[in-house]
Amino acid sequence: HCAAVALLFLGRPEEAGERLEQLGQAMRARAPELRAQVLGQAGQAWLEAGRPERAHAAISAALAINPDDVELWIDRSQALAAAQNYQEAIDDLTRALAIDAAQGGGGRADALAFRAAAHRYADDLDRAFADAERAVKLAPTLPEAWLERGILHRLRGDAPAARADWLRVLVLDGDGPSGDVARANIERLEHKLDDQPANRPAGRSPAGRPPAGRPEVPRDPRR
């Protein structure tokens with residue numbers, strides 16, 4: 001398992017995906033939760049390799065084992081969004097948020113930011129903005145939430161509000177991927193290039209899900 005994960009860090013996601021998927025399928029005598037976690041990691045590797053259909057299959061297999069895992073529903077939404085199946089991604093994120101609430105969670109700002117991006121890609125700016133607003137209020141230190149709300153402000157024609165949100169991203173993640181997008185968007189505003197801000201699809205960290213006990217940091221809402 002460690003060797004397969006190492007392949008992902010070495011920039012060989014396809015090999016990592018193959019090994020993790022084979023391992024997950026062979027772990028029938030192990031705890032179901034562990035097997036589901038490995039299959040979920042395989043899905044992340046396939047997503048990093050640009051193979052959303054393989055990612056979807058692996059994560060769906062994990063969900064068949066552990067359907068109450070919030071992280072797996074969020075993971076699968078990333079595969080769906082990468083394949084431009086935005087409504088299905090929204091459905092998975094809605095399921096993740098419902099499970100989190102049922103389990104007594106405090107809310108998932110990352111899932112809300114991802115769902116905001118998916119709504120945006122589905123051309124539903126009102127629902128997108130509502131989710132981005134909730135994400136910012138729930139986790140005011142999550143740069144992806146501010147980035148997404150800034151993009152939506154710009155698409156709604158409020159350039160000053162967009163700039164303010166992107167400046168906040170630079171404070172929170174100036175040297176990270178969200179900061180890079182925010183900086184590019186501010187430059188586009190200043191040079192009046194167009195009304196379409198730079199953005200990226202929602203996504204997770206390239207290393208996939210972390211070992212148990214370590215926090216996971218979403219990359220950007222898109223994705």
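Start by selecting helix H4, residues 52–65, in this predicted model, and colour Pro 52, Ala 55, Ala 58, Ile 59, Ala 62 and Leu 63, which are the residues to look at here because each has under 20% relative accessible area and so counts as buried. An α-helix has 3.6 residues a turn, so residues three or four places apart point the same way.

Next, show what lies over that side: the cover of the buried residues of H4 includes helix H2 (13–26), helix H3 (32–48) and H5.

Now move to helix H6 and select Asp 92. Is Asp 92 buried or exposed? Its relative accessibility is 5%, so Asp 92 counts as buried, and, leaving aside residues up to four places away in sequence, Asp 92 touches Trp 73, Arg 76, Ser 77 and Leu 80.

From there, go to the loop between helix H5 (70–82) and helix H6 (86–102), where you will find Gln 84, a residue that has a positive phi of about 65 degrees although it is not a glycine. Gln 84 counts as exposed, because its relative accessibility is 58%.

Finish at Asp 123, in the loop between helix H7 (109–121) and helix H8 (125–138). Asp 123 is not a glycine either, yet its phi is positive, at about 65 degrees, and with 70% relative accessibility it counts as exposed.

Methods. Residues numbered from 1 in each chain as written. Predicted model: local features only at pLDDT ≥ 70, side-chain atom pairs only at ≥ 80, totals over all residues. Heavy atoms only, no water. Helix = DSSP H or I, 4+ residues; strand = E, 2+ residues; numbered from the N terminus. Buried < 20%, exposed > 50% of the residue type's maximum accessible area, 1.4 Å probe, protein only. Contact = heavy atoms within 4.5 Å. Expected span 1.5 Å × (residues − 1).
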